[in-house]
Amino acid sequence: KVTVFSGMQPTSAALHLGNYLGAMDNWLKIQDLIAKHNEVSPGHKLIFSIVDLHSLTATKTLSPKELHSNTLSVAINYLASGIDPQKVILFNQSMVAAHSELTWIFNCIASFSKLSTMVQFKEKSKSNSQSISNGLLSYPVLMAADILLYRATHVPVGDDQTQHIEFTREIVNSFHHTYKKKYFPLPTIISSETSKRIMSLQDGRVKMSKSDPSDLSRISLTDTDEMIQMKIKKSKTDSIIGISYDIQNRPDISNLLSIASVTSGVSIADLEKEFKDKQNSHFKDFVSQSIISKVKPIREKINYYQANEKIVRDILLEGSDKANQIAINNLKQIKDIIGLYH
Ligand code: TYM
């Protein structure tokens with residue numbers, strides 16, 4: 001049976017287009033697929049989390065009020081995007097204590113030298129070497145615990161998470177080696193070729209990110225149509241005439257082509273043909289319209305859930321009950337394997 005696990009951090013209130021096209025779009029496709037499979041052969045599980053514990057490692061500490069409201073907002077972003085709590089277990093990470101317990105267990109088999117050379121750790125600890133927390137180092141261990149607590153087989157994420165999934169597989173192997181018992185599956189990454197790495201609108205060589213100081217670099221699911229048009233209009237391009245896909249030499253135009261392709265459903269090759277001799281402004285109009293057609297319905301649903309917060313709180317409560325049932329049961333089995341008295 002398939003178990004899918006994934007999550008996003010509530011480091012900001014709204015998800016951006018990178019989160020949506022890189023991960024959420026796949027979550028929705030898998031949700032449909034698994035629902036169909038479950039009709040004929042039930043037992044496949046889909047588990048999506050708001051990973052609030054991970055967001056505690058962020059450089060900028062969120063205020064209690066911000067963290068609390070961002071968590072609810074990210075849940076709202078999931079629901080507005082189409083995540084269906086009838087088909088999915090949707091919960092907040094810190095409401096399932098077993099994530100933290102399993103993290104400790106994995107901390108005791110995770111390699112310190114491996115953790116200290118992980119790409120994300122090196123990048124994030126570069127700028128503020130004075131105040132690197134143990135939590136930042138241990139970030140991939142918590143992520144491995146998230147996935148393995150449910151014995152997940154598949155993890156739909158963007159390309160930037162590849163190393164973390166590889167690390168999770170290493171944890172599986174060291175656990176099996178240390179305790180001489182096979183318990184966890186080796187989880188596989190799921191990502192889409194065209195959208196696994198959506199880049200900044202201001203620099204096609206760095207990824208679109210919540211932490212980029214420029215709001216012009218990303219499109220949020222809460223942006224109005226006018227904001228989307230303005231951001232695409234101001235997005236970086238190059239001085240080469242015409243539109244063509246060439247990541248090496250034309251990263252900015254290539255990024256816009258990827259975004260336009262996944263949001264419109266037209267292949268990159270067809271878009272290149274259509275806009276080959278057209279001006280940037282003409283192409284940009286198409287890109288913004290295509291983004292708006294995806295984002296507008298989500299934005300409207302976000303407004304609905306914001307006005308009906310009680311529904312969202314109830315969904316999270318119910319989701320954490322379901323997640324706890326699986327997690328507590330699996331943690332008991334893990335404790336048995338290790339010999340922890342319980
Ligand atoms: P987070 O919140 O940083 O990102 C959430 C998801 O969005 C994807 N993503 C992107 N995809 C394409 N292009 C981009 N520019 C872009 N920016 C972000 C990320 O790859 C991710 O899938 N460590 C995870 C959270 C996590 C997790 C887990 C994921 C914690 N535990 C267990 C899966 C399984 C993260 O960084 O999320």
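T194 is partly exposed because 15 other C-beta atoms lie within 10 Å; by this scheme a residue is buried if 20 or more other C-beta atoms lie within 10 Å of its own, exposed if 12 or fewer, and partly exposed in between, with C-beta atoms placed from the backbone. This is a predicted model, in which local features need pLDDT of at least 70 and side-chain atom pairs count only at pLDDT 80 or more, while totals for chains, interfaces and linings use all residues. Residues are numbered from 1 along each chain as its sequence is written.

T194 is found in the loop between β5 (188-190) and α9 (225-233). Helices (H or I, at least four residues) and strands (E, at least two) are DSSP runs, numbered from the N terminus. Leaving aside residues up to four places away in sequence, T194 touches S258, S261, V262 and I268; two residues are in contact if their C-beta atoms, placed from the backbone, lie within 7 Å. T194 and V262 are 68 residues apart in sequence, and their C-alpha atoms are 7.1 Å apart in space.

Most residues other than glycine have a negative phi.

The protein chain as a whole has 13 helices and five strands. Its C-alpha atoms fill a box of roughly 70 × 45 × 40 Å, taken along the principal axes. For 342 residues, a compact globule would have a radius of gyration near 20 Å, and the 21 Å of the protein chain agrees with this; the radius is taken over C-alpha atoms, and the globule rule is 2.2 Å times the number of residues to the power 0.38. Of the 342 residues, 42% are buried. Among contacts with a separation of 6 or more, 76% join residues 24 or more positions apart.

The domain assignment gives domain 1 (3-191 + 309-338) and domain 2 (215-302), with bounds that come from an automatic or database domain assignment. The C-alpha centres of domain 1 and domain 2 lie 30 Å apart. Across the boundary, 12 residues of domain 1 are in contact with 11 residues of domain 2. On the side of domain 1 that touches domain 2, α1 and α3 (64-81) each supply at least two residues, and α1 gives the most, with five residues. That side of domain 1 divides into seven nonpolar, four polar and one charged residue; Ala, Val, Leu, Ile, Met, Phe, Trp, Tyr, Cys and Pro count as nonpolar, Asp, Glu, Lys and Arg as charged, and the others, Gly among them, as polar.

The ligand is surrounded by 26 residues, of which the closest are G18, G22, A23, V157 and G158; a residue is near a molecule if its C-beta atom, placed from the backbone, lies within 6 Å of it. By class, the shell has 10 nonpolar, 11 polar and five charged residues.
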